[in-house]
Amino acid sequence: MNANSEIVAAISTAVAGSDQDHRVLLQSIVDTARVIFEASASSIFLVNEEHGDLVFEAVSGEGEAFLVGRRFPSTKGIAGWVLNSRDALIVNDLSTSTVFARDIAESTAYVPGALMAAPLIYEDEALGVLEVLDPRPGARTGIDELTLLTLFAGQASAALRIVQRNRHARRILDGADGELGELAAIVSTLAQGDNGRREAGLRLIRSLHELLVDNRS
C-alpha cells in the first residue's frame with residue numbers, strides 16, 4: 001500500500017468513530033464485569049503498539065480515578081503471563097503466587113488478594129488483558145466463572161481492536177503533508193468532534209464531492 005492509499009485508509013478509519021466512543025464501551029465492560037463478579041475492581045489493559053508495554057485503558061472500582069494511561073512491562077505479573085500464554089486464570093490466593101508482581105500492585109495503591117484474568121484476543125492477535133480483582137468467593141451466576149469472563153473478554157477484544165486501528169490511523173494522519181495533509185487535518189478535526197459536528201462535517205464533504213463530480217462530468 002502506497003503512502004496516499006494509507007492516508008485514504010486512515011481517513012476512513014478515523015471518521016468511523018471517536019476514541020471516546022470506544023472508551024465508553026470499554027468502561028461499560030469493566031463496570032459490568034465488576035458488578036457480575038461482585039469484585040473490588042476490574043480493568044482492561046492494551047498492548048501499546050509503539051513501546052510494547054501494557055497500558056490501563058479502562059478501570060472500574062479501586063484505582064478508577066488515576067490508573068487509566070499508566071503502563072508496565074508486558075512480560076511482568078499475572079497480566080503479562082496471561083497475555084503471553086493466552087490462557088485465562090483464576091488465582092484465589094495471590095500471596096502464594098510466584099507470578100504475581102507485588103511491586104506493580106503496590107505502585108497502583110491497591111494490592112488484591114485474589115484475581116481473575118483473561119487474554120483479549122482478536123483474529124489470533126493478543127491485544128491485552130481483562131482482569132477482575134478480589135471477586136467475592138461466593139459470587140455465582142450459574143455459568144463457569146472463567147467461561148463468563150471469557151465472554152466479557154470477547155466483547156473487550158473487538159472494542160480494543162477498533163481503538164488500535166483508530167490510533168494507528170491518527171498517527172498516519174498526523175504524519176501526512178501537502179494537500180493530503182490539509183485534508184487529513186480536516187478529517188482529524190471531524191473525528192475528534194461530537195456526533196452532531198461530525199455528521200454536519202460529513203454532509204459538507206459529501207456535498208463537495210458531489211459538486212466536484214458534477215463539474216468533472
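**Exercise 1. Work out how β2 and β3 pair, and which residue stands opposite Leu54.**

Step 1: β2 and β3 pair in the antiparallel sense, over two bridges. For the terms, helices (H or I, at least four residues) and strands (E, at least two) are DSSP runs numbered from the N terminus, and two strands pair if DSSP finds at least two bridges between them.

Step 2: Across from leucine 54 you'll find phenylalanine 72, in β3.

A word on what you're looking at: this is a predicted model, where local features need pLDDT of at least 70 and side-chain atom pairs count only at pLDDT 80 or more, while totals for chains, interfaces and linings use all residues. Residues are numbered from 1 along each chain as its sequence is written, and side-chain values use heavy atoms, with hydrogens and water left out.

**Exercise 2. Now take the other neighbour: describe the pairing of β1 with β2 and the hairpin they form.**

Step 1: Count the bridges. β1 and β2 are antiparallel as well, pairing over seven bridges.

Step 2: Pick out a facing couple. Phenylalanine 45 is opposite phenylalanine 56 in β2.

**Exercise 3. Trace the ring cluster that includes Phe45.**

Step 1: Start with the count, which comes to four aromatic pairs. Here rings of Phe, Tyr and Trp (its six-membered ring) pair if their centres lie within 6.5 Å; planes under 30 degrees apart are stacked, over 60 edge-to-face, and the rest tilted.

Step 2: Classify Phe45 with Phe56. Their ring centres are 4.5 Å apart and the planes sit at 55°, so this pair is tilted. Phenylalanine 45 belongs to strand β1 (residues 41-47) and phenylalanine 56 to strand β2, so the pair ties together parts 11 residues apart in sequence.

Step 3: Check burial (buried means under 20% relative accessible area, exposed over 50%, partly exposed in between, with a 1.4 Å probe and protein chains only). Phenylalanine 45 comes out buried at 2%, and phenylalanine 56 is buried at 8%.

Step 4: Phenylalanine 45 and phenylalanine 72 form an edge-to-face pair, 5.4 Å centre to centre with 85° between the planes. Since phenylalanine 45 is in β1 and phenylalanine 72 in β3 (residues 71-72), this pair ties together parts 27 residues apart in sequence.

**Exercise 4. Is Val59 buried or exposed, and what does it touch?**

Step 1: Valine 59 is in strand β2 (residues 54-61).

Step 2: Read off the accessibility. Valine 59 has a relative accessible area of 2%, so it's buried. As for the strand, seven of the eight residues of β2 are buried, so β2 is largely enclosed by the rest of the structure.

Step 3: List the contacts (heavy atoms within 4.5 Å). Setting aside neighbours within four places in sequence, valine 59 is in contact with Gln27, Val30, Ser42, Ser43, Glu64, Leu67 and Val68.

**Exercise 5. Zoom out and summarise the protein chain.**

Step 1: Tally the elements: there are seven helices and six strands, running α-α-β-β-β-α-β-α-β-β-α-α-α from the N terminus.

Step 2: Of the 217 residues, 42% are buried.

Step 3: Finish with contacts. Among those with a separation of 6 or more, 59% are between residues 24 or more positions apart.
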